[in-house]
Amino acid sequence: MADQPRSGRRRSREPESVGADFRLEPSPYGDSALRSEWAARADALTTLDEAVATLMKWRTDFWGREDQDSLWIEARLEERVAVLRLQSMSDEEFRTRTLTGECAREVCANVAERAAVAGTDYQELERINDEFRSRYKPPVMPTNLFLPAERDLAEKLMTSRTVDWYGKSLEELRAERGVVVHAAPSQD
C-alpha cells in the first residue's frame, strides 16, 4: 500500500446528510387541513390522563378505519401519549402498568385465558384479538408485554382459521364473513 500513490481527492470536510431531508411544506398526501387540526389538538394535550382519554376516544370512534388520514391521526396521538408517559411515569410503572391503570401481566394472562376458552372458534378469537388491540396497543400497554401476548393470540387465531378453511365453499366463506357480492363474475 505504501508504494501506491495517494489519491489527490480529499474527503469533504462538510458534514454529510444522513436520511431524508426535512420537509417544511405540508405533505401532498392526505387531508392537510384535517391533519393540521389533529396535530394542533395533539400538541395541546399537556397531561397523560388527557392524552390517553383522547387516544382511547379516537380508537373507540374510528377503530378499523385504515385510510391514511385516520392512521396518521392515531399515530400522532400515540406519539403524544408516549412522550407524556415517559415524563409522567416511573420506570417500574412504565414497564408493568397499562395507561388504563391495570397490571399489564394480568391483562395478558386474562387474554390468554379467554383465548384458551374460545378454543378453535376463530370468530370469537377475532373478537378477542380486536378488543385487545384496540384497547391495549402501545403506547397504552408496554411493548415488552403486548407483543408476546399479541403474537400468541395471532398464532392461535391463524391456526384456528386454517382448520377446514379449504373444505368450505366460497358461498359458505362469504356467508360467515358477511360478504355482499355486488357483481358476480361471469360463468363463461
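User: In this predicted model, which residues is glutamate 150 in contact with, once its neighbours within four places in sequence are left aside?

Analyst: A contact here is a matter of heavy atoms lying within 4.5 Å. In this predicted model, glutamate 150 is in contact with Asn129, Phe132 and Arg133, and glutamate 150 itself has its place in helix H7, which covers residues 143–162.

User: Is glutamate 150 buried or exposed?

Analyst: The word buried applies under 20% relative accessible area. Glutamate 150 has 17% relative accessibility, and therefore counts as buried.

User: What does glutamate 78 touch, not counting residues up to four places away in sequence?

Analyst: Glutamate 78, whose place is in helix H3, touches Leu55, Arg59, Lys137, Pro138 and Pro139. With a relative accessible area of 14%, glutamate 78 is buried. The C-alpha atom of valine 83 is separated by 8.8 Å from that of leucine 48, although the two residues are 35 apart along the chain.

User: How many aromatic pairs does the count come to?

Analyst: Rings pair if their centres lie within 6.5 Å, and the angle between the planes then gives the class of the pair. The count comes to 4 aromatic pairs. One of them joins tryptophan 58 and phenylalanine 62, with 4.1 Å from centre to centre and 35 degrees between the planes, and this pair is tilted.

User: Where in the fold do tryptophan 58 and phenylalanine 62 lie, and by how much of a helix are they separated?

Analyst: Both belong to helix H2, residues 48–62, and because they are 4 residues apart they are separated by about one helical turn. Tryptophan 58, at 6% relative accessibility, counts as buried, whereas phenylalanine 62, at 27%, counts as partly exposed.

User: Which residues form one aromatic cluster, and where does the charged end of arginine 41 sit?

Analyst: Trp38, Trp58 and Phe62 form one aromatic cluster. The charged end of arginine 41 sits over the ring of tryptophan 38, at 4.1 Å from the centre of that ring.

User: What volume does the largest pocket have, and which residues are closest to its centre?

Analyst: The largest pocket has a volume of about 210 Å³. Its lining is made up of 14 residues, and the closest to the centre are Trp63, Gly64, Arg65, Glu66 and Glu74. Helices H2, H3 and H6 each supply at least two residues of this lining.

User: How does the lining of the largest pocket divide by class?

Analyst: The lining of the largest pocket has 7 charged residues, together with 4 nonpolar and 3 polar ones.

How values were computed
Residues are numbered from 1 along each chain as its sequence is written. This is a predicted model: local features need pLDDT of at least 70, side-chain atom pairs count only at pLDDT 80 or more; totals for chains, interfaces and linings use all residues. Side-chain values use heavy atoms; hydrogens and water are left out. Buried means under 20% relative accessible area, exposed over 50%, partly exposed in between (1.4 Å probe, protein chains only). Rings of Phe, Tyr and Trp (its six-membered ring) pair if their centres lie within 6.5 Å; planes under 30 degrees apart count as stacked, over 60 as edge-to-face and the rest as tilted. A charge sits over a ring if NZ of Lys or CZ of Arg is within 6 Å of the ring centre and within 35 degrees of the ring normal. On a 1 Å grid over the protein atoms alone, a cavity is a set of points where a 1.4 Å probe fits but cannot get out, and a pocket is an open set with protein on both sides within 12 Å along at least five of seven lines; lining residues have an atom within 4 Å of a point. Grid points are joined across faces, edges and corners, and a volume is the space filled by probe spheres set on the points. Ala, Val, Leu, Ile, Met, Phe, Trp, Tyr, Cys and Pro count as nonpolar, Asp, Glu, Lys and Arg as charged, and the others, Gly among them, as polar.
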